[in-house]
Amino acid sequence: MKIVIIGAGAMGSLYGAKLSTAEAPVYLLDVWPEQVRAINEGGITVEDAASGAAEAYPKIRAFSDAAEAGEADLAIVFVKSTLTARAVRENRAVFGEHTTVLTLQNGLGNVEGIAETLPRGRIIAGTTAQGATLLGPGRVRHGGKGKTVIGELDGSVTERIKAVADLFNRAGLETEISANVEGLIWDKLLVNVGINALTAITGVPNGELLLHEELAELLAAAVAEGEQVAGAKGVKLNIPDPVSHTREVCAATGKNRSSMLQDILAGRPTEIDRINGAILREGAAVGIAAPVNAVLHKLVTFLEKNGAGKPRRGM
Ligand code: PAF
């Protein structure tokens, strides 16, 4: 199965590295020239946060131009959720008639973004509880292991979903199949709602959210608001207790800097509008206020515009 991963950031690089061990050719696409060059020269090195051991994955090629990668059997979209629709539109050369497209991205709206260009029947979706931090071109830190769960949009268990799950498992990425993709996406959304903005604002790694009473309370309040919105929309969550589950993900990815913290530190736009912002929008549509999410949304938007830790005017 030829795999093309669109977006060679932390998660794209981690999945690319691992999948290259499963006898599948893996090509990464990214607009960052240093990243493309580093991968072509030395592959990807994955550093394990727990043990400190580094492992090299040399069997990967990277390109900036989708035409060079060519048509994929499986295309995995790993760009920021704010860029999904554009990334699919601009990398059309990757998608042939037979290509299956998988989104494992954070946030709401990724399936819809892909479906602007491709038929829904070609899309499969899922979530990942892996944590990864990009250390520099060609280098990623694996900050916490977690399950990947994938499914067809209509919940059926097809040969293609079984083949993708099998490939991921062979690559050491523990993967399950779910018949409830909408629930899956919301399960993960609630995790991101609880972790990402709070870590981006405070600068702490995921595990520390559990060590400070004030932060642990805010995490629980933000997730509970999201859960209420999901309930009002009729979304069937797979996770019975999303607050406890978010705490478990904090612990499992304790040393990881959340993707939103990484974005703020690097001065990049974040996914705040697709995460806490999505709770506000979806909540408004069903008449539910989400005041904690509103504050988190405003604070991260401020940091996005003004940068973290920079001296303010007049100081
Ligand atoms: O966005 C992230 O960083 C990840 O989804 C997660 C699971 C919160 C781990 O850091």
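**Exercise 1.** Is Arg160 buried, partly exposed or exposed, judged by relative accessibility? Describe the pair that Arg160 forms with Glu152.

*Solution.* The model is predicted.
- Step 1. The relative accessibility of Arg160 is 27%. Buried requires a value under 20%, and exposed a value over 50%. Arg160 therefore counts as partly exposed.
- Step 2. Glu152 has a relative accessibility of 5%, so Glu152 counts as buried.

**Exercise 2.** Locate the two domains and describe the contact between them.

*Solution.* 
- Step 1. The domain assignment places domain 1 at 3-179 and domain 2 at 183-306.
- Step 2. Their C-alpha centres are 23 Å apart. Domain 1 contributes 25 residues to the contact, and domain 2 contributes 22 residues.
- Step 3. About 2000 Å² is buried between domain 1 and domain 2, with carbon and sulfur atoms giving 52% of this area.
- Step 4. On the side of domain 1, Lys80, Asn106 and Leu108 supply 34% of the area buried against domain 2, more than any other three residues.

**Exercise 3.** Which polar and charged pairs cross the interface of domain 1 and domain 2, and which strands of domain 1 take part?

*Solution.* 
- Step 1. The rule finds 11 residue pairs in polar contact across the interface, both residues at pLDDT 80 or more.
- Step 2. At least two residues of the side of domain 1 that touches domain 2 come from each of strand S8 (123-128), strand S9 (131-136), strand S10 (139-144) and strand S11 (148-152).
- Step 3. Sorted by class, this side of domain 1 has 10 nonpolar, 13 polar and 2 charged residues.
- Step 4. There is 1 salt bridge across the interface of the two domains.
- Step 5. Lys80 and Asp263 form a salt bridge through their side chains, at 3.0 Å from N to O.

**Exercise 4.** Where do Glu90 and Arg86 lie relative to each other?

*Solution.* 
- Step 1. Both residues are in helix H4 (residues 84-90); they are 4 residues apart, so about one helical turn separates them.
- Step 2. Glu90 and Arg86 form a salt bridge in which the closest N and O atoms are 3.2 Å apart.
- Step 3. Glu90 counts as exposed at 53% relative accessibility, and Arg86 is partly exposed, with a relative accessible area of 46%.

**Exercise 5.** Is Val164 buried or exposed, and which residues does Val164 touch?

*Solution.* 
- Step 1. Val164 is part of helix H6 (residues 159-170).
- Step 2. The relative accessibility of Val164 is 2%, so Val164 counts as buried.
- Step 3. Leaving out residues up to four places away in sequence, Val164 touches Met1, Leu74, Ile124 and Ile150.
- Step 4. Ile124 is 40 residues from Val164 along the chain, and their C-alpha atoms are separated by 9.9 Å.

Conventions
Residues are numbered from 1 along each chain as its sequence is written. This is a predicted model: local features need pLDDT of at least 70, side-chain atom pairs count only at pLDDT 80 or more; totals for chains, interfaces and linings use all residues. Side-chain values use heavy atoms; hydrogens and water are left out. Domain bounds come from an automatic or database domain assignment. Contact means heavy atoms within 4.5 Å. Buried area is the accessible area (1.4 Å probe) that two parts lose on being put together, summed over both. A salt bridge is a side-chain nitrogen of Lys or Arg within 4 Å of a carboxyl oxygen of Asp or Glu. A polar contact is a pair of N or O atoms within 3.5 Å; within protein, one must be able to donate a hydrogen and the other to accept it, and residues adjacent in sequence count only if both atoms are side-chain atoms. Ala, Val, Leu, Ile, Met, Phe, Trp, Tyr, Cys and Pro count as nonpolar, Asp, Glu, Lys and Arg as charged, and the others, Gly among them, as polar. Buried means under 20% relative accessible area, exposed over 50%, partly exposed in between (1.4 Å probe, protein chains only).
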